[in-house]
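Please look at the sequence and the structure shown below. The paragraphs that follow lead from the parts of the chain to its details.

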Amino acid sequence: MTLPAHPAVTSPLLDDMSGALTFGRLAVQPGMVLHEGGARLLVLNSRNAAGEYGQRQELLVAAVTEGDARATWFHAWSMGLSVDFARSKTATAQAPQPSNRRWWLAVSLDGRGRYTGANGYRDGSPCTICAPRPLDPSRPNYEPCRNAHAHAWNVVGNWDRVAPGTSHYVLGPTAETLDRAREIAADTCERIRTLGHL
Ligand SMILES: [Zn+2]
């Protein structure tokens, strides 16, 4: 399959990405750019959910460019696949490279797809989750974070369970500060909501 020619994409979500690699379909995670159906799709969230016919892998995705949106949809949308079927499938995707410049954000949106806030984590930044639990909860321990992507994805997974049907994204912009990463996330949510792509 030949992908259409795309103009350069400058989103900080797409910094430090690998080239197109082959993964097991079930290994596709938020932050990857999936190449499928002639389009490039940023994976915003991924979860396994019980469906009418068994476990399904649900990937929430959004088109990278207007051309990718034209080949798919001009809004965030969910790709569902039976886990039994997906187990034997491969996927072509670009993966974010490990980077201390990348913030992994658990992003919450309102019912209309507007950004409402984000928790942020970055590998190497002081982290309470990666540190031993303190004896005194009012005096937390900190250690350099080792698993920022997993923290953000876990938070989104918890939100999905508490508030099913609402939208939550895992976004991984590169940025100097958490505030700047949140600005990029807010801008990205607004672009997806209004333009239908990054
Ligand atoms: Zn951590």
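What distance separates the centres of domain 1 and domain 2, taken over C-alpha atoms? In this predicted model, the two centres lie 20 Å apart. Domain 1 covers residues 12–94 of the protein chain, and domain 2 covers residues 103–194. The two domains touch each other: domain 1 gives 11 residues to the contact, and domain 2 gives 16 residues. On the side of domain 1 that touches domain 2, strand β3 (residues 39–51) supplies the largest share, namely three residues. Sorted by class, this side of domain 1 holds six nonpolar, two polar and three charged residues.

Let us now consider the chain as a whole. Its secondary structure consists of four helices and 11 strands. Computed along the principal axes would be one way to describe its extent; computed in that manner, the C-alpha atoms fill a box of roughly 55 × 40 × 35 Å. The radius of gyration of the protein chain is 17 Å, and this agrees with a compact globule, because such a globule of 198 residues would have a value near 16 Å. Of these 198 residues, 37% count as buried. Contacts also show how the chain is folded upon itself. Among contacts between residues at least 6 apart in sequence, 62% join residues that are at least 24 apart.

The next topic is the arrangement of strands. In general, the strands of a sheet pair through backbone hydrogen bonds, and the pairing is either parallel or antiparallel. In what order do the six strands of the open sheet follow one another? The order is β1-β6-β2-β3-β4-β5, with antiparallel pairing. Strands β1 (21–24) and β5 (77–82) are the edge strands, since each of them pairs on one side only. From one strand to the next, the twist averages 50°.

Strand β4 (residues 54–63) runs antiparallel to β5, and six bridges join the two. Val61 stands opposite Trp77, which belongs to β5.

Finally, a single residue deserves attention. Asp16 is located in the segment before β1. Its phi angle is near 55°, a positive value in a residue other than glycine. Is Asp16 buried, exposed or partly exposed? Asp16 counts as partly exposed, because 14 other C-beta atoms lie within 10 Å, whereas a buried residue would need 20 or more and an exposed one 12 or fewer.

Technical notes
Residues are numbered from 1 along each chain as its sequence is written. This is a predicted model: local features need pLDDT of at least 70, side-chain atom pairs count only at pLDDT 80 or more; totals for chains, interfaces and linings use all residues. The radius of gyration is taken over C-alpha atoms; the globule rule is 2.2 Å times the number of residues to the power 0.38. Two residues are in contact if their C-beta atoms, placed from the backbone, lie within 7 Å. Domain bounds come from an automatic or database domain assignment. Ala, Val, Leu, Ile, Met, Phe, Trp, Tyr, Cys and Pro count as nonpolar, Asp, Glu, Lys and Arg as charged, and the others, Gly among them, as polar. Two strands pair if DSSP finds at least two bridges between them. Axes are lines fitted to C-alpha atoms, for helices over the stretch in contact, and angles run from 0 to 180 degrees between N-to-C directions.
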